[in-house]
Amino acid sequence: METVALEINGVRREVQVEPRTLLAELIRDHLGLTGTKVGCDTSQCGACTIHLDGKAVKSCTVLAVQADGSTVTTIEGLARNGALHPLQEAFWAKHGLQCGFCTPGMIMTAADLLASGGNPTDDEIRHALEGNLCRCTGYENIVRAIREAASQGTGVTA
Amino acid sequence: MTTDVTEATTTDLIGKPIKRVEDPRLVTGSAKYLDDLTLPGMAHVAILRSPYAHARIGGIDTSAAAAAPGVIGVFTGKDFEHLDPLPCAWQAAGTENFTATPRALEIDRVTFTGAGVAAVVAESRAAAEDALALIEVDWEPLPAVVDPEAAVAEGAPQIHENAASNIVMDWSCGDAEATQRALGEADVVVEQRLVNQRLIPNAMEARGAAAQHEAATGEYTVWMTSQAPHVMRLLMTAFVFGIPETKMRCIAPQVGGGFGSKIYLYPEYVLMAALAEKVGRPVKWIETRRENYVATTHGRDHVTYLRVGAKRDGTITAISADTYANLGGILSTIAPGIPTTLYGRMLSGAYRIPAIYCRVRGVYTNTGMVDAYRGAGRPEATYAVERAVDLVARELDLDPVEVRRRNFIAPEAFPYDPAGILNGLKYDTGDYEKTLARALEIVGYDDFRAKQEQARRDGRYLGIGLSTYVEMCGVAPSAWIGVGGEGWGAGLWESANVRVHLTGKVVVTAGTQSHGQGHETTMAQVVASELGVPLEDVTVEHSDTQGTPFGYGTYGSRSAAVGTVAVHRSIQRIKEKARRLAAHMLETSVEDIVYEDGKAYVKGAPDKAKTIQEIAGAAALGYDLPPGDEPFLDDTAYYDPPNCTFPFGAHIAVVEVDAETGEVKLERYVAVDDVGTVINPLIVDGQVHGGIAQGVAQALWEGATYDEDGQLLTSSLMEYAVPKAELFPTLELDRTVTPTDVNPLGVKGAGETGTIASTPAVVNAVVDALAPLGIKHIDMPLTPERVWRAIEEARA
């Protein structure tokens, strides 16, 4: 067993894990933060996307031990003081989700895109979603939601 | 009396783009899907699956696996011999079906790669998966066949003893003789072999199940990724376990998409219930994506020999389709019904075609199970019909728009009986020209043709493709679809219970199951509008056999056109009772009471009123009720539709083909749908968007491929092309509204139109682009390689 210490959604946690444990498993099974989803076993779908030290990564492709000493943000850490994050609001307002399974990963990827500033075009948004699959929406309203959140300019950092 | 009430009622929220009430839990990650479930003492299950497409099992040695760290038990099919095979609940009507269905774990033989043969129960998922490698199976591989035409040929490996020539059923509809005669008399006959390739649904949440068993009472609770928990309970208890249905509770928690693939009773659901009993602990199994590819149902997979007769002016006089439907190595729950009732009976499309005949041979092959996938039969029918129209147009050198208009069923022809092939049903309502005209206007058809002409002179290949589809939703009248009609082994009505609590808050429980469609919002909109209460006062509950009335579940775009109509019916009766109670409270006669905007008031004296909250309170307390009335505002309705509904529309795709690489770029996509009355346009548009993406993906990118030994070559998201955001242009949507007269809401259903319509629109566009090269058809998916080869062949 290995010890992994990290700060997750603003809380410091220390966990004993098998060396082979994936970060996604640590988040879901050991810390009980089940908002992060696992949708494939080949790192394609992006449902497990979280922020590791401020960058969007697929948590199924990172070993838990690699996250030792890191700061992690998951979908559960986006809302602040009971107020939804602008991307959560925008996905809701623009109907950017149906079954909701890809949504946490989509939002975390979008939060990374918007954190780097600017007002991305639709093409740039679609390109940024390259690592995230959705089977319900045809991406149309996901793009609209991200554009909507971007147009608000401020407060989009995770 | 009821009519008066309905007319007086506010319908403020119908047609409004209300934000979904289910979304806060989904955007924050708090919604609980199956894998988010943890039960006290829960053990984990991994399943050993067949690496061979066709093999006998000589024996299975589980001893090493059983001794592995963390392993609680290892089980094989022999441990569950007392359980019956899963039922085939929809057999093709009017012909013998030679059925073979799966067991919880196969015992002697496997007929497709991925069939489960052993299960490990362990303390952790990792320990269970580790132990799979220690199970030794004595496999005796048998010759395999994967192609449906090869499977029915002489000398093909026999897959099931009871199915000669590997034929599940040989079904037909329509008039063979009249069709043959019409083809003989036609000015032109176009013939084409069409392959409607196998697709893999790929709901983003794979399947899973968990179960617990109470030894003291013999009661099972099974959580499952299901679109139809009530049906699962019925099939498991009555057909597999042989116990009363009251001994099992089935729960579908938050479900992450289905597209048909989560309708069925799967071996793993039975297995989890049985394992929970065996080990005396709760168990959970979560499908890996790789398992999802091999062990969850696939869709489509038809080979069709199409013949279309037409007059020289483009009038279509006959359609004949001879179809081989690949149903896989073993039958899924409703497999034979999809390529028969839902395919053959829709081969008239939006057109007045006097002679239609369809023969379908359902075929076993050593491939994964095939069942309904979004659209289910109607996409295959629409593909055949819409390609047929374009082939006729090409043959006669006519504009495909012109040929469609020449053959459209006229608005005054409804209700329309398409040459008797709907077995007694009729298309309800329609105005096909209206959606076509609007779509042509949006796309700028004439301008495009001019631009295309210029592009062709410049050596560029632009194409435009149409699909003016009609489909069948709101399945179905029980008397029509049931055993005596279409062979479905049950009814297909839907249910709802509405209760107005003492506080005026409304709770709806429904037999349908939402897995992304937003029922909690749509149904609440209908309730809030009809009853005149705030939307936030309405809660919709579903997906748990304990606490919801029996219903057949969600598929075939039936939850609005059947399920929500049941809700509507309950509300009407609640309002009638509210009027009686108000009359009593206001000391007047019920005839003088009007129900409107959440109040029952005296006609002509709106100040003399009781709110629904006051009435519900009085009804719940029950101190002072009118003679003969029971306490509480509570009503359960069962709605069996008199007909299916028939949404329609016009979709237009614009593409450019790079003749050097074969790459197809989808430049524009226009969809004008008519799904009847729209309850929530935000949700309906979302359904259309997603449907289009899946249909376009079939046309251009997706396809399951087996090698000749029955190994699935496209067995992960690395090999199978689920499309990404970058591949689509902005989708251009509009709609017309032609309400159905089948139900009082006027709704037809919107869950599948996009998928059904879009596939032929895109293929027609690509073929149109390549018309100058003489290319008349390319089989899907139109990948760069296929298109490039077609171009090279045409140029040679």
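Me: Into which domains is chain B divided?

Reply: Happy to walk through this. Please keep in mind that the model is predicted. Chain B splits into domain 1, made of 2-31 + 493-639, and domain 2, made of 422-473 + 643-796.

Me: What separates the centres of domain 1 and domain 2 of chain B, and how many residues does each give to the contact?

Reply: Taken over C-alpha atoms, the centres of domain 1 and domain 2 of chain B are 39 Å apart. Domain 1 of chain B brings 19 residues to the contact, and domain 2 of chain B brings 17 residues.

Me: Which elements give two or more residues to the side of domain 1 of chain B that touches domain 2 of chain B?

Reply: Those elements are helix H15 (519-531) and helix H16 (559-585) of chain B. H16(B) supplies the largest share, five residues. By residue class, this side of domain 1 of chain B has seven nonpolar, ten polar and two charged residues.

Me: Let's turn to a helix. Which residues of helix H6 of chain B are buried?

Reply: A residue is called buried if 20 or more other C-beta atoms lie within 10 Å of its own. In H6(B), residues 176-185, that applies to Thr179(B), Ala182(B) and Leu183(B). Viewed down the helix axis, these buried residues fall within an arc of 100°, so they line one face of H6(B). On the other side of H6(B), Glu177(B) and Gly184(B) are exposed.

Me: What covers the buried residues of H6(B)?

Reply: The cover includes several strands of chain B, among them strand E7 (167-174), strand E8 (188-199) and strand E13 (299-310). Strand E14 (316-328) and strand E15 (355-364) of chain B are also included.

Me: Now a sheet: what is the order of the strands in the open sheet of seven strands in chain B?

Reply: Reading across, the order is E3-E5-E1-E12-E9-E10-E11 in chain B, and the pairing is mixed. Strand E3 (71-76) and strand E11 (248-251) of chain B are at the edges with a single partner strand each, so one side of each has no neighbour in the sheet. From one strand to the next, the twist averages 20°.

Me: In which sense do strand E9 and strand E10 of chain B pair?

Reply: E9(B), residues 208-214, and E10(B), residues 219-224, pair in the antiparallel sense over six bridges. As one example to find on screen, Gln212(B) has Thr221(B) in E10(B) as its bridge partner.

Me: Which strands does helix H4 of chain B lie across?

Reply: H4(B), residues 125-132, lies across E1, E3 and E5 of chain B, at about 25° to E1(B). Helix H8 of chain B, residues 267-279, lies across E1, E3, E5, E9, E10 and E12 of chain B, at about 35° to E9(B).

Key. Residues are numbered from 1 along each chain as its sequence is written. Chains are lettered from A and ligands numbered from 1 in the order in which they are written. This is a predicted model: local features need pLDDT of at least 70, side-chain atom pairs count only at pLDDT 80 or more; totals for chains, interfaces and linings use all residues. Domain bounds come from an automatic or database domain assignment. Two residues are in contact if their C-beta atoms, placed from the backbone, lie within 7 Å. Helices (H or I, at least four residues) and strands (E, at least two) are DSSP runs, numbered from the N terminus. Ala, Val, Leu, Ile, Met, Phe, Trp, Tyr, Cys and Pro count as nonpolar, Asp, Glu, Lys and Arg as charged, and the others, Gly among them, as polar. A residue is buried if 20 or more other C-beta atoms lie within 10 Å of its own, exposed if 12 or fewer, and partly exposed in between; C-beta atoms are placed from the backbone. The arc is that of the directions from the helix axis to the C-beta atoms. Two strands pair if DSSP finds at least two bridges between them. Axes are lines fitted to C-alpha atoms, for helices over the stretch in contact, and angles run from 0 to 180 degrees between N-to-C directions.
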